[in-house]
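Hello,

Here is the structure I promised to pass on to you. Please have a look at it first, and then read my notes on what turned up.

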Amino acid sequence: MDLIDKTFEQQDFSHQDLSDRRFRRCHFYQCDFRHTKLRDASFEECYFIEPGAIEGCHFNYADLRDASFKACRLSLSNFAGANCFGIEFRECDLKGTNFSRARFYNQISHKMYFCSAYISGCNLSYANLSDQCLEKCELFENNWRSANLNGASLMGSDLSRGSFSQDCWQNLNIRGCDLTYAELEGLDIRSVNLEGVKICAWQTEQLLEPLGIVVMSD
């Protein structure tokens with residue numbers, strides 16, 4: 001079922017099965033998607049918060065496996081505890097979004113798991129991604145400034161062309177990441193493990209300058 005140009009206000013979608021539904025240019029104001037089945041659902045150019053509102057929609061513990069959000073405004077939404085394996089966010093506003101206890105991984109065994117998420121061109125500033133596991137994922141061209149990444153593991157992910165602030169790097173695992181063309185403000189190579197990280201030649205100067213090292217051109 002396709003829904004286009006519809007507006008929903010304070011609608012209770014909780015515990016419903018909306019799998020495979022397609023929404024385009026729809027507005028969801030103060031709507032409740034708690035425990036909703038949204039597997040393979042797609043949202044394009046949708047709004048999940050009213051202008052000036054201090055709270056977005058609730059997706060707590062929703063099944064969002066392989067769901068897709070493109071050019072959506074999801075700022076201040078709550079995805080706490082949601083199953084986000086295979087989720088796609090493209091060019092979305094995710095400012096201040098809460099992903100506490102959300103899952104972007106599939107646990108195969110006690111020691112084996114793999115992650116799947118496609119997040120690109122998004123505003124993730126002030127989003128809560130603490131302790132999240134987003135390894136070997138497509139996470140390029142995002143704004144991560146002031147996002148809570150404490151204890152998160154982005155190991156092996158594509159973080160190219162992203163922008164970061166100094167508070168992003170504390171207790172963050174970025175080993176093996178692609179950081180080419182990214183803004184690396186505040187990244188201290190003395191305290192962050194950069195094993196296997198990819199950067200451009202000009203970024204070397206940016207990383208060494210705070211240490212008083214002058215990089216000369218050949």
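**Strands that pair**

Strand β7 pairs with strand β10 (residues 117-120) in the parallel sense, over four bridges. Within that pairing, Ile-87 has Ala-117 in β10 as its bridge partner. β7 (residues 87-90) also runs parallel to strand β6 (residues 68-70), and three bridges join those two. There, Lys-70 stands opposite Arg-90 in β7. For the terms: strands (E, at least two residues) and helices (H or I, at least four) are DSSP runs numbered from the N terminus, and two strands pair if DSSP finds at least two bridges between them.

Before you go further, a word on what you are looking at: this is a predicted model, in which local features need pLDDT of at least 70 and side-chain atom pairs count only at pLDDT 80 or more, while totals for chains, interfaces and linings use all residues. Residues are numbered from 1 along each chain as its sequence is written, and side-chain values use heavy atoms, with hydrogens and water left out.

**Salt bridges**

Side chains of opposite charge can pair when their charged atoms come close. How many salt bridges does a search of the whole structure find? The search finds ten, where a salt bridge is a side-chain nitrogen of Lys or Arg within 4 Å of a carboxyl oxygen of Asp or Glu.

One of them joins Arg-22 and Asp-2, with the closest N and O atoms 2.7 Å apart. Arg-22 lies in strand β3 and Asp-2 in strand β1 (residues 2-4), so this pair ties together parts that are 20 residues apart in sequence. Arg-22 is partly exposed at 44% relative accessibility, and Asp-2 is partly exposed at 46%. (Buried means under 20% relative accessible area, exposed means over 50%, and partly exposed is in between, with a 1.4 Å probe and protein chains only.)

Another salt bridge is formed by Asp-5 and Arg-25, with 2.8 Å between the closest N and O atoms. This pair links distant parts of the chain, 20 residues apart: Asp-5 is in the loop between β1 and β2, and Arg-25 is in the loop between β3 and β4. Asp-5 is partly exposed, at 47% relative accessible area, and Arg-25 is partly exposed at 29%.

Further along, Arg-145 forms a salt bridge with Glu-185, the closest N and O atoms being 2.9 Å apart. Arg-145 sits in the loop between β10 and β11 (163-164) and Glu-185 in the loop between β12 (183-184) and α1 (201-208), so the pair ties together parts that are 40 residues apart in sequence. Salt bridges that share partners also join Glu-88, Arg-90 and Glu-138 into one network.

Is Asp-32 buried or exposed? Asp-32 is buried, with a relative accessible area of 18%, and lies in the loop between β4 (27-29) and β5 (42-44). Its side chain makes a polar contact of 2.9 Å with the side chain of Arg-34. A polar contact is a pair of N or O atoms within 3.5 Å; within protein, one must be able to donate a hydrogen and the other to accept it, and residues adjacent in sequence count only if both atoms are side-chain atoms. Beyond its neighbours within four places in sequence, Asp-32 is in contact (heavy atoms within 4.5 Å) with Gln-11, Asp-12, Phe-13, Ser-14 and His-58.

Ser-153, in the loop between β10 and β11, is buried at 11% relative accessible area.

**Positive phi values**

Two residues other than glycine have a positive phi. For Asp-20, phi is near 70 degrees; this residue is in the loop between β2 (7-9) and β3 (22-24) and is partly exposed, at 47%. For Tyr-61, phi is near 60 degrees; Tyr-61 is in the loop between β5 and β6 and is partly exposed, at 42%.

Best wishes
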